[in-house]
Amino acid sequence: MKLTRAIAITITMLLVSTMVAFAAPLNGATTKTLSTNYTLVNLGPSMATVNANYLKSDGTAWTVSPENQNFTIAGNFGQAILAQYLDPAMSSGQGSVVISSDQPLGAVVQIQARPPQTPTTGAYSGVSVPSQTYYAPQVFSKLPSAGGMQNSQIVIQNTNTVAITATVQFIPFPGISGLSTYTNNNIQIQPGASFLYDLSDEVNLKSTNPTVTGWTGSAVISAPAGNRIAAVVNTFAGANALQTYNAFPAETVGSVWSIPQFTSKLNNGLSTPVIMQNLSGGDIPAGDVTLSCVAATGFTPATLTQSNAAVIPANATFAFNPVGNAAYPNHWSGTCTVTSASGKGMVGIVQMRKPGVNDELAAYEAIPGSSTDKRVVVPLISKNQANGFATAATIKNLGASQAPVKLTFTPAATYGGSQDPVIINATIPANGNLILSQRFSGTPELPDGWYGSLLVEPQSSTTAQPLAALVQLTNTRTTTGDTFMAHVAFTLP
């Protein structure tokens with residue numbers, strides 16, 4: 001994800017001290033009281049002067065403490081973490097924030113149900129380049145599943161200076177009897193504000209077949225010509241699970257996509273279905289879309305290949321799903337590429353789940369195979385915190401040659417230990433990945449309790465390869481609920 005200077009973030013905010021339940025429409029998809037925090041990283045060389053403008057869903061100003069509205073961030077990947085649940089000036093509610101800066105920034109938002117509630121968590125990236133049209137490969141309305149009832153929320157933020165009327169078109173998942181199509185073209189959003197569209201409350205998403213319960217499919221989200229929006233999708237499953245992902249702007253549609261980490265029925269239960277949405281304007285024939293994977297070290301078989309067995313209708317989705325599927329090996333991990341042989345346009349997400357094991361659920365966006373960026377920035381790296389919070393970053397080499405890289409871990413200004421960067425070198429195999437897990441004690445690079453940002457860059461220009469990354473946010477001490485989050489990292493030339 002490339003960054004410019006203004007970032008639109010649609011966030012759900014509550015003060016944990018009040019524990020006030022949300023008013024409608026949030027209670028449709030979840031009964032949880034949710035809160036947010038977000039992490040900003042300065043991608044520029046100079047100190048960033050930042051303004052954060054918070055708005056409620058009706059477009060009115062949201063009062064925050066001065067230090068959370070105007071602040072600075074050190075240059076060269078300095079970091080700021082702002083927790084809305086710790087701001088005594090903020091009232092409970094739901095809304096958005098627009099962040100302006102004189103330096104380019106990256107942002108990652110965490111959504112969570114705070115204690116004493118059973119954990120529910122999700123994460124997504126702030127949007128720096130809004131678009132007129134977005135695509136959501138997977139949404140649900142009152143769909144029963146092994147993990148409980150599934151319901152999605154599409155959060156749409158108006159990034160214009162005038163009110164707009166947005167439209168959402170819903171396309172059913174192919175092969176499920178009687179699912180309806182539906183278009184809502186009357187979504188009113190004030191300037192800078194966000195609209196939370198809770199699909200559990202949408203009575204028009206249903207099946208004409210009385211034996212089919214619930215609805216699943218994809219969505220196309222759009223603004224009137226000449227206007228721009230941002231869009232994020234939350235999906236709740238059962239009492240605790242939540243996956244969150246950024247919808248795809250129309251400008252990112254392509255025929256080749258990279259998957260930094262794909263797993264099939266690992267011993268810990270983790271599998272990663274890949275959901276691709278057909279945006280070619282017509283049907284994609286059977287056998288045209290191929291998932292080609294290379295195993296990580298220690299896993300067999302060395303390669304894995306699957307293709308779509310049926311036609312994928314226009315705007316509809318297809319899933320490469322290892323869950324309960326004998327065509328995929330047990331206990332397998334690697335990295336993959338999804339390719340349309342005929343060059344059909346697609347977007348896709350990767351779902352991370354442990355069916356039958358626990359409530360952990362996350363999702364992240366596939367990486368455009370056309371990316372040429374050779375640097376990766378991770379806003380938040382956390383090493384085995386006392387509360388259990390820890391991260392794992394998977395760096396993906398998009399190139400056909402091995403990639404010698406330099407890893408610079410820059411501590412946050414608020415970290416109480418050494419402020420010296422930690423620098424290590426590594427080599428990523430061609431089309432392979434490098435997993436940097438901070439979930440365990442004893443690894444020499446970072447001490448327990450360390451937190452800050454990470455820059456991954458080529459060791460030399462002559463060996464530079466295009467790079468991307470997946471970041472997993474986890475908790476090693478909580479065994480109930482869902483503490484599993486994921487997002488893609490930011491990339492630079």
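Predicted model: local features only at pLDDT ≥ 70, side-chain atom pairs only at ≥ 80, totals over all residues.
1. Residues are numbered from 1 along each chain as its sequence is written, and side-chain values use heavy atoms, with hydrogens and water left out.

2. K354 has a partner: its side chain meets that of E360 in a salt bridge at 3.0 Å, N to O (a side-chain nitrogen of Lys or Arg within 4 Å of a carboxyl oxygen of Asp or Glu). E360 is buried as well, at 16% relative accessibility.

3. Now to strand β25, residues 361-365 (strands are DSSP runs of E, at least two residues, numbered from the N terminus). Five of its five residues are buried, so the strand is largely enclosed by the rest of the structure. L361, A363 and E365 point one way, while A362 and Y364 point the other.

4. Which strand is joined to β25 by five bridges? That is β24, residues 346-353, and the two run antiparallel (strands pair if DSSP finds at least two bridges between them). Q351 has A363 of β25 as its bridge partner.

5. The structure holds two salt bridges. One of them brings together the side chains of K383 and D448 at 3.9 Å, N to O. K383 sits in the loop between β27 (375-382) and β28 (389-397), and D448 in the loop between β31 (433-437) and β32 (451-458), so the pair ties together parts that are 65 residues apart in sequence. K383 is buried at 0% relative accessible area, whereas D448 is partly exposed at 41%.

Terms used
Buried < 20%, exposed > 50% of the residue type's maximum accessible area, 1.4 Å probe, protein only. Helix = DSSP H or I, 4+ residues; strand = E, 2+ residues; numbered from the N terminus.
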